[in-house]
Structures are given as C-alpha cells and as structure tokens.
Amino acid sequence: MVATKFYQESVQEVMSELQVSPQGLTENEVAHRHKKYGYNELQESNRQTIWQIFLEQFKDFLVLILIAAAVISVFLGEVESSVVIIVVVILNAILGTVQQIKAEKSLDSLKEMAAPVAKVLRNGQVTEIPSKEVVVGDILILDAGDYISADGRIIESHSLQVNESSLTGESLPIDKKTHVIQENEVALGDQTNMVFSGSFVTNGRGKVIVTSIGMNTEIGKIANLLDNAKEKRTPLQVSLDQFGKRLAFGIIMICLIIFGLDIFRGREIADSFMFAVSLAVAAIPEALSSIVTIVLAFGTQKMAKENAIIRKLHAVESLGSISVICSDKTGTLTQNKMTVQKLFLDGKVFEQGQLRINQDLQNRFLTMALLCNDSITSKEKEIGDPTEVALVRLGNQYQFDALSVREQFRRVGEVPFDSNRKLMSTVHRVGNKYLMITKGAVDVLLNKITKIETSNGSSTITKQQLEHIKQVNSRFSNEGLRVLALVYKDVQSAKVSVEEENDFTFVGLIAMMDPPREESKQAVEDCIKAGVKPVMITGDHKITATAIARQIGILKDPSEAIEGKEIENLSDSELRAKVETISVYARVSPEHKIRIVKAWQDKGNVVAMTGDGVNDGPALKQADIGVAMGIMGTEVAKDASSMILTDDNFSTIVKAVSNGRSLYANIKNSINFLLSGNAGAIIVVLFATLFALPAPFLPVHLLFINLLTDSLPAIAIGLEPHNKKVMDQKPRNIHEPLLNKRFASQVAFEGSIIAAVTIIAFQMGLSTGDSAVASTMAFATLCLSRLFHGFNCRSDESIFKIGLFSNISVWLAFLIGFTLLNIVLIVGLFDVAMLSQSQLFTIYGLSIVPLIIIQLDKLFFTKNTN
C-alpha cells in the first residue's frame, strides 16, 4: 500500500480514493480486496526450531574449549572426565534453550490483542465478522467497549472516545472527530480523526473506513519492529567469551612450554605430548559455566522476592552494568490514575487536601463535581472516565459518597459530553428549583460566564476576576495539569439543550494529573548517585512529561526535552551527538524509542528500557535490559522484556541494579577462586617438570578438586550477601575484559602462595622415598588450601571486615569439602597412599597458610575495589 496520510484528507476524499460507497463493500469487492491486501492478521518471520536453539548454546567459546577437552580426555583414556564434562555442557545448553524459548512469545501476545470479531457495513447491512476478514475499505461500526480491529479514518463520531494508551502511552481517552488535520507531520496520539488497531472505544459511537490492515497497521509496524529487534549479548557473556579465548591461549602456551621442557630432558615425544594435553584438560575450570548459571539462578530467586522476576538468566548480571535507564512515564514513573492536585475557588488556590467542607461554597463545589459526573468507584473497581473517577476519589477523601449525593439530588435531565462542545451538563432537582451544572474546557466556558460565586455570594463577574481565572488556568496548564471549569445556572425545567449552555455562574477550577509515584523521586536520585542516567520516553504531551520529569528530578533544564517530530528531523549520527543532552522525549513513536536506545548503545552504554504498552515492545527487546510492568503491563511488553516488575515500582529497578552489581562482583570472585586454585596446580606441575621430579598429581586428583571440592565453595562465594557499597560507584566499564591485568596479577599472586605450600608438602613427601606419598600429600594440600582459599575470595576486603559468619554457605561448602577430602584420605580412594597422623597434620598446617597470608595482605595492603 502507498503510505497515504489519510488524516489530511476529507471523508469524501478517503471514500473516493478507496472506492467505497456509504453502503459499504459488496461481497465481490471484499473477495477482490482479500486478494489484493491479504488478511487482517499479523505475520512473523520463520522462528528457530528448538533443536536450532539448542545447538546455538554450543557457540560459546568456553563451551567449545570444554568439548575439545572432553574429546582429548577420551583419547587419553580418561573416559570419566569426558563424561562429566559433556554432562555439564549439555545441562547448560538445556537451561539456555528453555530461557530462549520463553523469550520468543511477543508476537503471539500481539495476535491475541487483535479483536476477535468486528462489526462492518456491507451491502448496506451491519454484519459481524471475524476480525481477520476485515479488508481495506470496510466500514467499521464502533460502540463503547469495542476493540478496534484495524486502522481507519473516522467518518462519523458521536462523542467517540478511544483509549490508545497501549500504543501511545497516554493514559487518558482521546476525543475522536471527523475534521481534516492540516499539519504534515502529526504524532500518532494527535491523529484525532484516525483510530488504530489494538485500541478500544471507551465512550460514544462512530463509523470508520478501514485504511490499513494486518502488518500495515500501526500495531503491525510494531510487530515488525519487534521481530527485527536484535537482543544484545550481556556484558558477562561477552566477558566470559573473551576470558575463554585468553584462557585457551594461556593454557596452550603453558602446555607448549612443558612439552618443550620434557623433550629437552629426553622424554619420548608421545609421552610428552600426552602429559601436556593432560595438564591442559586439568587446567580448564570445567565447572565454571555451571557455577555461573547456578549463581545467576540463585540471584533470580532473591530478586523475585524483591518484586523483580528475571526472564533471561544472564540479564541478572547486566543489571549491574546499566548506565542509562530509559523509562516510560505512564504507569512506570506515574501512578496511571488521574488525581486532583489543585483547586481554584473563592479567588484562592487550594491543594487537594486543603478543602474545608464545613464552608458552604467548598461543600457545594464538591457536591456539584460529584453530581455532574457519570463515574462509579468501589473497593473492587473504578468505572468511568479517568477525570470523573478522580473527582469521585476526591469526594471519598472528604467522606462524600457519590451515590448518596446523587440520590439526594437526583438527575432529571442532561446534555451528554460532546467532544465538539467540550462540555457536559446535568440537571438536578434542588428543592423546588432545577439546577443545571456544567463542567468542561476552561477556554470554552470562560466565554459563557456572566457571574461568579464566592463566599460572599453570587455577583456579576468583573474583567479583573475573569483575567485572574485565565492566569490561574494558564499557570495550572504550564504545570502539566489538566484543568476543568465547574459552573452552574438555574433553569426552568428538566429538559435542557445545548442552546441553554450560557449565562453561567462560575464556581471554580479543578486541576488534575496522573501524579508521580511517591517513590519515583528517591529512585531517580539513587540512580543519579550510582552513575545511572534516567531518561523519560513517553507518548504523552511535552508539557505534561516535563512537569512530571521536573518533579521527580529527571529534568533540570527545559532545553533537555524534545518531541518525536524533532527526532524525525535528526539523522542517526545527529541523534547520537545529541542524545546525552536530552532527558525527556515526548510524543514519540515505537521507531523513535528504538532509535533512542540504539543511540545510547552506540555511545558504549548499557541501556535499560522500562515500559508497559504494546508500543514499548520493540524498544524493550532492543535494550540490553527490557523491564516490563507486571500489573499494568501488556503481555507483549512482558514477553519482550528481560525483567518484569511485579509491583510496577520504578524503585525496584534501582534495587535490581544494586543486586546486579553485587552478583557480578560475586561471579568475578568465584572465577578468581577457580583460576587461582588451578594456577596453583599448574605452577606445581611446572616446578616438577623443571626439576625432573615425579608427577605431583594424577589426573583423577585434579578432576576431584575441579568438580567436587571446588564447585561448592565457588557457588557459595556467588551467594555472598549484597554489598551496599556497590551503589556508591559508577557503572563498570563493559569494555574492560574480565581477565585484566589487575585480575590476572591477583590470580597469579594467590595461585603462587597455594603452589608454594603444595610444593613444600610434595617435597616433604618425596623425602620419605615414596612418590605415592608425595603425590598424595601434594593433592591433599592443594585441595585443602583451595577450600580455605574460599574464605579469601568472598570479597576484596578481609573476612573480618565483611563478617566472618555473614555467609554461612561458604562454611557449609568448606565443611562438605573437608569431609570429602578426609574420607578419600582415610579410606584410600582415587589411588591415594595411606598417610600417617603427623603427615595429615602437616597438610592441615600448610593448607591454612595461604588463608593467613592473603587475609593479612587484605587487612593492611590491599585497597578495596568492590
């Protein structure tokens, strides 16, 4: 279809262009249009099969190294080692597959949002058909409560109001009209003569000529964006991939050195090669992938208790790297319910909690607001227009029950709200008189006022009073408030018409808005303190968005706010150059949201995007972390997200960021624990090779350490309690590799100490003349010193500063490992030699030395970096 701007065309022009008569399409025309335009349904690209998703899990470089190690282990005759490694790799792949399948449901939810049936005018008769059968040119019949099944141009409107919040983010229903819009570029929310698929009618009725169906609708464009939006790899995944490559390179170099030394000492080439490969297999931390997965899984459980459900496992850690949070306004930073903020009556401005209902004027003002009102509220639900619901809620605050008030002053006549008049009038019997109460747009009613009600009674309104009302209205509007005027007049009978809406007595102004959540301001402050830039992206009007943003601390200067039409005029490079100076984006489309997220990402930032509507789906998927609202959020938003907030509370994101930072620190500490232990083993083997000593370990000894006594402490380190200090720092640099110079030197330093005590134990064993005893003492010392080393790796700080018993999991892991080791030594499993009591105590004494040295270093020399 040609991209025609139907909102710029008159009803006659649209009908002529689409070749439609007022009686609707004929059956032959419908059949022809089905062939031309297809069916009114959302399409999707071919999805990967479960098998393809499963195979993709093996593309990780570290996983490929483990598979290679398993294959080599088979050739070395170490079948047990290869089986264990393969089982670990497959379990990880299954976990990853399950997570990815859950993440691919967004389009299904979009399909469910489409209206199941539609009422259309065909051959001059109203017919109900499945929504997929709707074609371009059909005339839709819309009534209150109907879901809209296609995009269309309004040709008749009778007080028609449509809720488009899931598409635009604007919480209030939109008044729909038939007039032509002259502007060239008009935001979706301002196309008041159009309706869009996926929205629904809240009031009135109307007729619409269908202009777009299926993938050509606005919701179809979102589906296309959602399908094409690429999910980014998390910083941890990138770091582990880089780490795997560096680790592989390092291990290969060490093995080549050992291979060369063996050849130099006259050992057979075949034996030298097999020994070098055996060491390579032993040097790989086989349990690393599983440990990271388990630590992340435990992290998701903890966060679920704090109202954040993690849908994609690796997203947990990404939270800690976030440097920008792009947040939707409605329902995320705000409460998503209109609330009266200020009132103007008797020449004064009152906050919504300052009324004194014992004063006659204020009592009458509140009574009138409840009478000229169609909404109903109860503990269970609120029914009606959001602005009217806000007035009933205000009455409840002062113990005014709307139903009781309406029973006392029964409605006997009315002139319903009309979007052209922008007014609503009701007539009530008060004693022997009829009272007409009208509320509506201030600019309309100011021209119809002749008197004003004050605490001194009613009098003719003066120019000064009229000017004062205009000034207050202007002030309220500039604060982002929606303003209504409340007026009244005495009438002769219950039957009234539009012609009688004049000569009113002014009572007051009511200013309301969808207010910020109470906790939003503190959450924004915490974000900024932690080095995270909060950005508001909304489909709402700029004046409303900036008012909210200013209240909660996102906006400091008005120049930091722009509208979607300004983004249209910026190229991607221009947007990138400007993005860091913008804090508020108003009247934006789904395409704009994706461009904003990409611009931040192109600047090297990790971006979180929060939202609840269908319009947020593509940007949620494009962001590094998509955060959906659990209560108000659509299924589309939830399925496109990485995380769902069960309390719709913006401050929960801040807690999640804090948890993410702690988790990354814990995972890094776990990796330090694994690598420093393995480094100790490699140094011992190098020492034995250099000095032509017997092999200090059997392959089964190293496998026992790597998969049993190492795994539990590593997991326990990953469960270290949350460290509040992480939020005092800036987000970590995602481009900094996991295995940087500082980290590598720390691993080498701690590995060297473990190696030193192991070599001492090995030499003491050799002094007995029994190489089996030497090997057993080396194995036991290496194993136990690594168990003690678990306490060192809990934090960059000393265990005496963070709390010796603050992590019980580490103690349990130590006790289990210590018990297993002693069972092996006492029973004589895994080819160990039987040791004397003195040799056992020697092992115990040597093994605790690295703990003492490293703790002293942390207490007096190492600066905390966590």
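Me: What makes Lys529 and Asp728 a salt bridge?
Reply: Their side chains meet at 3.8 Å, N to O. A salt bridge needs a side-chain nitrogen of Lys or Arg within 4 Å of a carboxyl oxygen of Asp or Glu, so the pair qualifies. The two sit in distant parts of the chain, 199 residues apart: Lys529 is in helix H18 (residues 520-529), and Asp728 is in the loop between H27 and helix H28 (741-766). Helices here are DSSP runs (H or I, at least four residues), strands are E runs of at least two, and both are numbered from the N terminus. One caution: this is a predicted model, where local features need pLDDT of at least 70 and side-chain atom pairs count only at pLDDT 80 or more, while totals for chains, interfaces and linings use all residues. Residues are numbered from 1 along each chain as its sequence is written, and side-chain values use heavy atoms, with hydrogens and water left out.

Me: Which other residues form salt bridges?
Reply: Glu453 forms one with Arg364, with the closest N and O atoms 2.9 Å apart. Glu453 is in strand E17 (residues 449-454) and Arg364 is in helix H13 (residues 360-371), 89 residues apart. Glu414 also pairs with Arg411, at 3.4 Å. The structure holds 28 salt bridges, and Lys119, Asp143 and Asp146 are linked in a network of them.

Me: Why is Glu453 called buried?
Reply: Its relative accessibility is 8%. Buried means under 20% relative accessible area, exposed means over 50%, and partly exposed is in between (1.4 Å probe, protein chains only), so Glu453 counts as buried. Lys529 and Asp728 are both exposed.

Me: Is Lys329 buried or exposed, and how do you know?
Reply: At 1% relative accessibility, Lys329 is buried. It lies in the loop between strand E9 (324-327) and strand E10 (339-345).

Me: What makes Tyr39 partly exposed?
Reply: Its value is 40%, so Tyr39 falls into the in-between class. Tyr39 is in the loop between helix H2 (27-37) and helix H3 (50-56). Not counting residues up to four places away in sequence, Tyr39 touches His34, Lys132, Glu133, Ile213 and Gly214.

Me: Why are H27 and H31 called roughly antiparallel?
Reply: Two packed helices are described by the angle between their axes and the distance between the axes. Helix H27 (residues 711-718) and H31 pack at about 175°, with axes 8 Å apart. Axes are lines fitted to C-alpha atoms, for helices over the stretch in contact, and angles run from 0 to 180 degrees between N-to-C directions. Under 35 degrees counts as roughly parallel, over 145 as roughly antiparallel, 65 to 115 as roughly perpendicular and the rest as oblique. The label is therefore roughly antiparallel. Where they pack, Leu712, Pro713, Ala716 and Ile717 in H27 meet Ser809, Val810, Ala813 and Ile816 in H31.

Me: How much of the protein chain is buried?
Reply: Of its 866 residues, 56% count as buried. The chain has 32 helices and 26 strands.

Notes:
Contact means heavy atoms within 4.5 Å.
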